[in-house]
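Please read these notes with the sequence and the model open side by side. They go through the points one by one.

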Amino acid sequence: MNWLKLISCLSLALLVIPVVLLLYEGFGPLRDPIGYGYEVFRAIELTLLSSAIAAGLCVTIFTPLAYYFARNKNSLAEALADIPASIPHPIIGVAILVIVSPLTPFGRFLLSVGINFFNTFLGLITALTIVSAPIYINSMHPFFQSMNVAHENYALGLGASKFRTFMSVVVPNSGRGILTASLIAMSRAMSEFGSISIVAYYVLQQPFYGVSPAPVLIFEYYTYYGLGPAVTASAVMILVSIAIMILLRLVKR
Amino acid sequence: MIEAAVKKKLGSFKLDANVSDEHFICLTGKNGSGKTTLLNLIGGILTPDEGHVMLNSKNITSLPIERRQVSIITPDSCIPHLDVDRHMVWGAKNKGLNIDDDYIAEIKTGLGINFDGKVRKLSLGMRERVALATSLISRPELILVDETLSNIDNRRDFIVAFKNFTMKANIDVIFTTQSPEDASEADHHYRLESGKSTRLF
């Protein structure tokens with residue numbers, strides 16, 4: 001075995017061992033029925049759905065921005081786009097609540113037209129989109145940089161507008177990059193806790209009335225019941241996440 | 001008729017070139033002599049520090065690529081996800097031109113495009129044939145061909161056929177090559193040395 005393979009195996013083990021240990025404890029010695037009850041599966045359902053929607057919103061809203069960064073050097077704008085990734089996430093939660101606060105005129109206006117982020121599905125998706133957007137942009141940026149600009153110049157020379165070149169040449173040839181980056185963004189959204197524990201500790205809207213996102217529920221189990229139910233619920237969450245990620249990567253191929 | 005008198009400094013390299021001719025123009029020179037830089041300046045990929053680019057008496061120096069009526073073809077030029085037939089009419093459709101099926105069939109025969117499939121799966125030479133055909137069908141006023149012809153087999157016949165199509169459609173061409181044989185097909189020949197251009201004929 002060469003040295004690179006050995007170091008790679010050791011570093012991979014560092015990442016995998018805690019997960020394996022948690023799965024073993026969660027389904028073995030520390031197994032607790034609360035950890036795989038109906039409430040846990042509803043929480044996982046909410047987390048998967050909201051994370052998938054957040055990843056979709058990242059693709060729709062932030063793909064043009066990542067492309068812009070790849071074709072135009074703008075350090076200030078790139079730093080601004082990184083802000084959500086570089087501040088503590090509870091701050092993002094607080095910021096989202098300020099937007100719809102009845103203490104501000106803008107917040108009162110949004111509330112008056114029925115837009116509310118506090119304990120709503122909309123608030124949950126908004127928070128997840130904001131925290132996963134920098135990850136998505138930073139994944140797409142090098143992908144677009146590595147794309148051959150000759151294709152775009154050729155399309156422009158054939159009379160296509162910059163918008164048409166982006167939509168008809170760049171995007172159709174970026175499927176693999178977009179899928180990979182959106183999976184990373186979705187993974188990031190699924191693991192979010194800081195902002196959603198403030199914005200959407202639980203959702204007070206059907207069909208998820210009273211359901212907490214999985215990371216919040218696991219934290220709640222830990223604080224109310226102790227380690228057992230939290231570890232079991234975590235193990236279930238990990239299994240479902242791994243299954244989804246493997247499935248999506250198979251689809252990607 | 002293309003009239004370009006441009007100066008451009010890129011790092012330590014300085015280009016100071018003039019091209020003023022029409023029809024089938026050949027540009028030769030060693031690697032690093034400035035051929036691609038000159039084509040990029042004419043095509044709008046780069047902006048000159050000084051000088052101007054006139055195409056059929058219109059000043060296109062500061063026009064964006066998509067409004068120049070100049071098609072730029074390098075060995076990588078293509079729209080990879082399209083199949084051959086959709087690729088060939090892509091530019092014409094952008095410009096809202098009528099698609100003449102007989103003309104397309106004539107070009108396919110003339111340029112040896114007797115294959116189909118996704119463009120990204122074609123060989124380099126096949127892809128270049130399709131890219132050149134697509135440009136012809138989109139009827140620009142000028143086609144810039146950068147080192148592309150050298151990858152095509154039966155090159156002499158291909159160049160003669162391509163030249164005939166451009167002459168009929170009244171399209172000027174500037175192509176770069178390392179081959180004296182290719183240059184002999186040109187109506188005019190410019191040589192670039194260390195960024196300086198010389199008109200040979």
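1. A residue is called buried here if 20 or more other C-beta atoms lie within 10 Å of its own, exposed if 12 or fewer, and partly exposed in between. The model is a predicted one.

2. Phe158(B) sits in helix α5 of chain B, which runs over residues 155-168. Apart from its neighbours within four places in sequence, Phe158(B) contacts Leu111(B), Gly112(B) and Ile152(B). Leu111(B) is 47 residues away from Phe158(B) along the chain, yet their C-alpha atoms are separated by 6.1 Å.

3. Chain A contains 13 helices and zero strands. The C-alpha trace of this chain spans about 65 × 65 × 30 Å along its principal axes. Of its 253 residues, 34% count as buried. Taking contacts in chain A between residues at least 6 apart in sequence, 77% join residues at least 24 apart.

4. Helix α1 of chain A, residues 3-27, has 25 residues. From its first C-alpha to its last it reaches 35 Å, close to the 36 Å expected at 1.5 Å a residue. How many of the 25 residues of α1(A) are buried? The count is one, and the helix is hardly covered.

5. Helix α4 of chain B, residues 124-137, has 14 residues and reaches 20 Å, close to the 20 Å expected at 1.5 Å a residue. This helix is mostly covered, with 12 of its 14 residues buried. Among the buried residues are Arg127(B), Glu128(B) and Arg129(B), as well as Val130(B) and Leu132(B).

6. What covers the buried residues of α4(B)? The cover includes α8 of chain A, and from chain B it includes β6 (70-73), α2 (84-94), α3 (101-110), β7 (142-145) and α5. Just after α4(B), Arg139(B) takes a positive phi of about 45 degrees.

7. Between the two chains, 17 residues of chain A are in contact with 23 residues of chain B. On the chain A side, the elements that give two or more residues are α8 (149-157) and α9 (162-170). The most comes from α8(A), with seven residues. By type, the chain A side divides into eight nonpolar, seven polar and two charged residues.

8. The largest nonpolar core has 114 residues. Those with the most contacts inside it are Ala127(A), Ile42(B), Val130(B), Leu144(B) and Ile174(B). In soluble globular proteins, nonpolar side chains tend to be buried together. Not counting residues up to four places away in sequence, Ala127(A) touches Ile92(A), Gly93(A), Ile96(A), Ser195(A), Ile196(A), Val199(A) and Ala200(A).

9. In chain B, strands β1 (residues 2-10) and β2 (residues 13-21) pair in the antiparallel sense over nine bridges. Ala4(B) stands opposite Val19(B) in β2(B). The hairpin of β1(B) and β2(B) has two residues between the strands, and Gly11(B) takes a positive phi near 65 degrees there.

10. β1(B) also pairs with strand β4 (residues 50-55) of chain B, in the antiparallel sense and over six bridges. In this pairing Val6(B) stands opposite Gly51(B) in β4(B).

Note on methods:
Residues numbered from 1 in each chain as written. Chains lettered and ligands numbered in written order. Predicted model: local features only at pLDDT ≥ 70, side-chain atom pairs only at ≥ 80, totals over all residues. Contact = placed C-beta atoms within 7 Å. Helix = DSSP H or I, 4+ residues; strand = E, 2+ residues; numbered from the N terminus. Nonpolar A, V, L, I, M, F, W, Y, C, P; charged D, E, K, R; others polar. Core = buried A, V, L, I, M, F, W, Y, C linked by C-beta atoms within 7 Å. Expected span 1.5 Å × (residues − 1). Pairing = 2+ DSSP bridges.
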